[in-house]
Amino acid sequence: MKKLLSSLIVAASLVAGPAMAADPVPTPDAVKTLKSDATKKKYTIATVVKVDGIAWFDRMRDGVKQFASDTGHDTWMVGPSQADAAAQVQLVENLIAQGVDAIAIVPFSVEAVEPVLKKARDRGIVVIAHEASNIQNADYVLEAFDNFAYGAKLMEVLGKAMGGEGKYVCTVGSLTSKSQNEWIDGAIAYQKEHFPKMQMVTNRLETYDDANTDYNKLKEVLTTYPDLKGIVGGPMPTSAGAGRLVAERGLKNKLFFSGTGLVSVAGQYLTQGDIQYIQFWDPAVAGYAMNMLAVMALDGKKDQIKAGLNLGLPGYTALTTPQGAKANLLYGQGWVGVTKENMGSYDF
């Protein structure tokens with residue numbers, strides 16, 4: 001399998017950019033300085049995700065496990081069995097009670113976890129966040145890319161597929177999932193500027209990162225708007241929900257999809273032509289990168305965690321901070337666009 005593939009990264013003009021790793025995560029040279037040995041403490045680091053048991057976070061667990069293998073630190077991943085803010089908060093409470101050294105978190109609801117993350121930091125626990133660009137109670141926030149640019153690319157692809165006109169709908173896992181909503185903000189802004197004849201027919205559908213919920217809510221919209229022509233999927237499971245709906249209703253080449261997905265989840269629908277395009281970053285690399293930042297912070301290297309940092313991971317070789325943002329918000333350049341033609345390069 002190819003190790004690297006051309007990655008799509010948007011600057012001002014939505015041009016192609018750097019490459020991103022496939023499976024497994026390539027161990028970076030930089031990790032050598034972060035290893036636990038006889039002279040350095042072994043840290044306990046928990047990665048807390050939105051929901052356990054779905055392909056996206058199964059893949060992230062691969063990266064967390066590999067980091068443990070590469071460094072000797074005690075790192076693991078936990079998440080609620082369903083996307084539930086209160087359940088995620090309780091997991092963090094449990095980790096505080098255990099006295100972990102660091103928590104890496106992908107919040108389901110930023111607002112819900114703010115108080116408990118403040119409690120963690122007050123106890124001296126390092127907090128690294130992901131998919132949470134507006135979070136306050138984190139030492140560092142690591143985003144895989146510019147969220148608005150990610151959404152703009154989704155709309156660029158969808159708008160062309162729709163011929164620049166027609167009705168469409170957008171999904172998010174949660175109305176409080178900051179990053180996903182920024183993707184949709186970027187998509188809508190791009191649509192208004194470049195495809196003024198397109199029309200979003202409902203408010204954003206909140207699907208709780210569940211493919212069945214995606215399917216059912218999209219089916220309801222299709223009942224109300226039988227001429228629906230496009231779907232922008234924020235959460236990864238929408239790719240499966242939308243693909244199932246298109247396949248069952250025989251809407252291939254009539255109802256188009258562009259959204260976050262994984263080949264392991266949406267591959268059959270890409271192959272059949274029910275959906276045309278998915279976009280993603282490697283969750284394993286993101287999990288690995290968060291744990292790298294956690295160890296750097298615990299090792300007293302916070303002065304190195306800033307714009308320009310090279311983690312040695314695909315998509316995270318030159319971190320940036322958006323203009324006007326806090327210095328602890330860091331962006332990588334790590335997403336790929338996948339179609340039927342290049343999906344064979346990814347096995348997750």
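The questions below concern a predicted model, and each answer sets a computed value beside the cut-off in use.

Q: How do you know whether N147 is buried or exposed?
A: N147, which is found in helix α4, has 2% relative accessibility, and since buried means under 20%, N147 counts as buried. Not counting residues up to four places away in sequence, N147 touches S133, S179, E182, W183 and Y331.

Q: Why are helices α2 and α3 described as roughly parallel?
A: Helix α2 (residues 85-98) and helix α3 (residues 110-122) pack at an angle of about 5°, with their axes 9 Å apart. Angles under 35 degrees count as roughly parallel, and α2 and α3 are therefore given that label. Their contact is made by A85, Q88, V89, V92, E93 and I96 of α2 together with A112, V113, V116, L117, K119 and A120 of α3, and its residues divide into 9 nonpolar, 1 polar and 2 charged.

Q: What makes both faces of strand β5 count as covered?
A: In β5 (residues 102-105), A102 and A104 lie on one side and I103 and I105 on the other, and all of them are buried. Such a pattern can be read in this way because side chains in a regular strand alternate between the two faces of the sheet.

Q: How do you know which strands pair with β5?
A: Two strands pair if DSSP finds at least two bridges between them. Strand β3 (residues 44-48) is joined to β5 by 4 bridges, and these strands run parallel; the bridge partner of A46 in β5 is I103. On β5 there are also 4 bridges to strand β6 (residues 126-129), again with a parallel run, and there A102 has V126 of β6 as its bridge partner.

Q: What makes W56 a buried residue, and which residues does W56 contact?
A: W56, in helix α1 (residues 55-71), has a relative accessible area of 4%, and because buried means under 20%, W56 is classed as buried. Leaving aside neighbours within four places in sequence, W56 is in contact with E131, M236, T260, G261, L262, F280, W281 and P283.

Q: Which residues of helix α8 are buried, and what do they pack against?
A: In α8 (residues 263-272) the buried residues are V263, A266, G267, Y269 and L270, and they pack against α7 (238-249), β13 and β15 (336-338). After α8 comes G273, whose phi is positive, near 85°.

Notes
Residues numbered from 1 in each chain as written. Predicted model: local features only at pLDDT ≥ 70, side-chain atom pairs only at ≥ 80, totals over all residues. Heavy atoms only, no water. Buried < 20%, exposed > 50% of the residue type's maximum accessible area, 1.4 Å probe, protein only. Helix = DSSP H or I, 4+ residues; strand = E, 2+ residues; numbered from the N terminus. Axes fitted to C-alpha atoms, helices over the stretch in contact; angles between N-to-C directions. Parallel < 35°, antiparallel > 145°, perpendicular 65-115°, else oblique. Contact = heavy atoms within 4.5 Å. Nonpolar A, V, L, I, M, F, W, Y, C, P; charged D, E, K, R; others polar.
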